[in-house]
Amino acid sequence: MVKVCFIPKAGKKDYSQPKSFRPISLTSFLLKSVEKVDGCIRDGPLRDNPLHPMQHAYQKGKSTETALLELTDRIERALEDKQIALCAFLDIEGAFDNVTIDALSKGMKAKGIDETTTRWIEFMLLNRTISVTLHGTTQSFKTTKGCPQGGVLSPLLWLLVADQLLVEASKNDLDVHSYADDVVACVVGPCQSTASSILQRSLNTINTWCTENHLSVNPSKTTIVPFTRKRKLDKLVMLTVKGTVVPFSSDVKYLGVTIDQRLTWNTHINNVIQKAKIALGICCRLAGTKWGLNSKIALWLYTAIVRPIITYACVVWWRKTTQVTVISKLDGLQRLACLISTGAMSTTPGAALNALLNLPPLHLFIAKEAKASIY
C-alpha cells in the first residue's frame, strides 16, 4: 500500500487543475530499504555500461550546473565563431507518471541488469496499491504505469528510459542532451536554413521516440531560441512540434537560469536580484533596530538563504560581474542586507558594513564560488 499526497507546484496561477500538483508517494521504510538496490545497479551494470554522457541528472559529479555549463559553452563557441546556435528546449509531460513498464524493462535490459532484479522491479511497480485521500474521501486502486515520485529507485529508472532517447539521437548524429525530463536539442552552424532543417529532424526524432514509449512533448512548453549576434534572421525556417508551429523566442528559462539570445545575462541578473530583494523584504519584516531577530540570525538568513539565490549557477555567468553596472547592483543588494543585520543608519558606507560583518564584496564572492565549482 502506497499513500499519495499532492504538493502544489510553485508559481502556478490556477490550482484547480490536477497538473498544478505533484503526486508524492509515501512508502514504507522497508520498501525504501529494498529500493537501495539502486546502489548495486550503479556500481555494477552501469559501471561497465554507463549512461549517456549527455545525461546530467541524478549522477555523482553531475548537476544542473554541469548541464548549464555544457550548453552555454557550445553557445559561446558559436557566438565567437560568428555562427548560429539554434536550440530547442522541450519538456516531456508527466515523465515519471506516464512512463510504461515496458519502456522501463527495455531500458534495464539495454544496460545489462540481471533478470532477477528486473523482474523484482517490474513486480514492485505493477503490484502497487495507491491510496489517495481528498476532502475526506479515500480511494484505492492499482497502477498500470509510472514510477513513484519520491521513491529511491525512481530517478534511476527514468534515467534508464531517457538514455534510450540520447542513444537514438547519437546514432542519427543529433546533438541532444538532457537533465532528467528536460531535453535540449542544439544545432550549431553558419547557415540558418540548414540549422533549421537539422533541428526539425531532431524534434521529429524526439517526438517519434516519445510516441513509441507512450510519452508526449508539450508544444506549448517548448521554446526555440536562435543564439546569435546577427541582426537578420530572415532565413530561419519555422519549426513544428506535433504539427504545432513553435515561434522563436529571445530568451528561455532553463534549469532556473534565464539565457538570452546574445548571452548578455542581463535578464537573469535582474531577475535574481529582484528575487533576492523580495527575500530580503521578508527578512525586514522580521527584524527592526530595537526588536525582532538579533543581528547574528539576520546575517545568517542572508548568507544561508538570500546569497545562494544570487550565486546559483554563477559558474556560467560570473564574468558578467566584472562590469561596473552589475557590481553596483550587487553592492546595493548586500548593503541592504547589512543594514538589516546591523540596524545601522541608511547613510553608513557599504564598505564599512562589509568590513564590520566580515563579508567580501558580493561580486568577488560570486567569482570565488564560480571558480570553486569549476575545480
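How far apart are R42 and D38 in helix 2, counted in helical turns? About one turn, because the two sit 4 residues apart in that helix.

Ground rules first. I'm on a predicted model, where local features need pLDDT of at least 70, side-chain atom pairs count only at pLDDT 80 or more, and totals for chains, interfaces and linings use all residues. Numbering runs from 1 along each chain as its sequence is written, and side-chain values use heavy atoms, with hydrogens and water left out.

**Salt bridges.** I searched the whole structure and got 5, counting a side-chain nitrogen of Lys or Arg within 4 Å of a carboxyl oxygen of Asp or Glu. R42 pairs with D38, closest N and O atoms 3.2 Å apart. For exposure I call a residue buried under 20% relative accessible area, exposed over 50%, and partly exposed in between (1.4 Å probe, protein chains only). R42 is partly exposed at 27%, while D38 is buried at 14%.

I then looked up D175 and R74, which form a salt bridge at 2.2 Å. This pair links distant parts of the chain, 101 residues apart: D175 in the loop between helix 8 and strand 6, R74 in helix 4. Salt bridges with shared partners join E70, R74 and D175 into one network.

**Helix 7.** Helices here are DSSP runs (H or I, at least four residues) and strands likewise (E, at least two), numbered from the N terminus. I listed the buried residues of helix 7: T117, T118, I121, M124 and L125. They cover an arc of only 130° around the axis (directions from the axis to the C-beta atoms), so they share one side of helix 7. The face turned away carries exposed E115, T116, R119 and F123.
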